[in-house]
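Please look through the sequence and the model shown here, and then read the briefing that follows, which moves from single residues to the whole chain.

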Amino acid sequence: GESLKFKYSKIKNAVFYAETDFEQEKIGQYESQVDLGTSPDTDVFTRDTDTHQYNNDYKLGFKWYPASKLNLTAQYNYKQRLRDYDHKERTGDAVSGYSAYMNSLDINSHIPSLRLNYKPESWLAYNFFYSFNTDIYEVRTDASMSTEQAQYKSHVYSIDMTLTPYDYLYLTLLYQKTKAVT
């Protein structure tokens, strides 16, 4: 994969940043099943599929340090997960079955978030986190000849405490709650 990162820190007690990561992958899959109860050359199921996957991740953020023991981070993250299925051969149940049923699957995620970090002592730190996630699923199939879409939205809240009694030892306690709507 490839990545690009940009950070601007010329403003006192603040950092602006932008990051992007790209991944590409190609997977070839061949499957065949023969029913031994029929003639030996009869395929019950055959599938030959090439899958092209693209994962793109974009982040834009701001980190502010109003005090030496306190910082606030605001970030927007956009993720694309694109899957394209090239079915070179499908017979039997593979024509109507998963995953040869889909031509493509796209997942687009919008994730704005806030994080507050408070470190009152060198051995103690607290983090408070909130994000509002929106995932949009788009599926294209031969059967529908169109794009079907669904959304998943969630609010994620978390708080954690980290104790570091020694440089080589730490303990983190975390509580997280997710409220989801589909």
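Tyrosine 58 has a relative accessible area of 31% and is therefore partly exposed, a class that lies between buried (under 20% relative accessible area) and exposed (over 50%), with a 1.4 Å probe and protein chains only. This is a predicted model, in which local features need pLDDT of at least 70 and side-chain atom pairs count only at pLDDT 80 or more, while totals for chains, interfaces and linings use all residues. Residues are numbered from 1 along each chain as its sequence is written, and side-chain values use heavy atoms, with hydrogens and water left out.

**Aromatic pairs**

- The structure holds six aromatic pairs, where rings of Phe, Tyr and Trp (its six-membered ring) pair if their centres lie within 6.5 Å, and planes under 30 degrees apart count as stacked, over 60 as edge-to-face and the rest as tilted.
- The rings of tyrosine 58 and tyrosine 78 are stacked, because their centres are 6.0 Å apart and their planes stand at 20°.
- This pair links distant parts of the chain, since tyrosine 58 belongs to strand 3 (residues 43–67) and tyrosine 78 to strand 4 (residues 70–92), 20 residues apart.
- Another stacked aromatic pair is formed by tyrosine 118 and tyrosine 126, with 6.5 Å centre to centre and 15° between the planes.
- Tyrosine 118 is partly exposed, with a relative accessible area of 36%, and tyrosine 126 is partly exposed too, with 26%.
- Phe22, Tyr58 and Tyr78 are linked into a cluster by ring pairs.

**Threonine 141**

- Threonine 141 lies in strand 6, which covers residues 124–141.
- Is threonine 141 buried or exposed? Threonine 141 counts as buried, because its relative accessibility is 6%.
- Leaving aside residues up to four places away in sequence, threonine 141 touches Tyr101, Met102, Asn103 and Ser146, where contact means heavy atoms within 4.5 Å.

**The whole chain**

- The protein chain has zero helices and eight strands, both being DSSP runs numbered from the N terminus (helices H or I, at least four residues; strands E, at least two).
- Along the sequence, the pattern of the protein chain reads β-β-β-β-β-β-β-β.
- Of the 182 residues in the protein chain, 28% are buried.
- Among contacts in the protein chain with a separation of 6 or more, 52% come from residues 24 or more positions apart.
- The protein chain exposes about 12,300 Å², of which carbon and sulfur atoms supply 55%, with accessible areas taken from the Shrake-Rupley method with a 1.4 Å probe.
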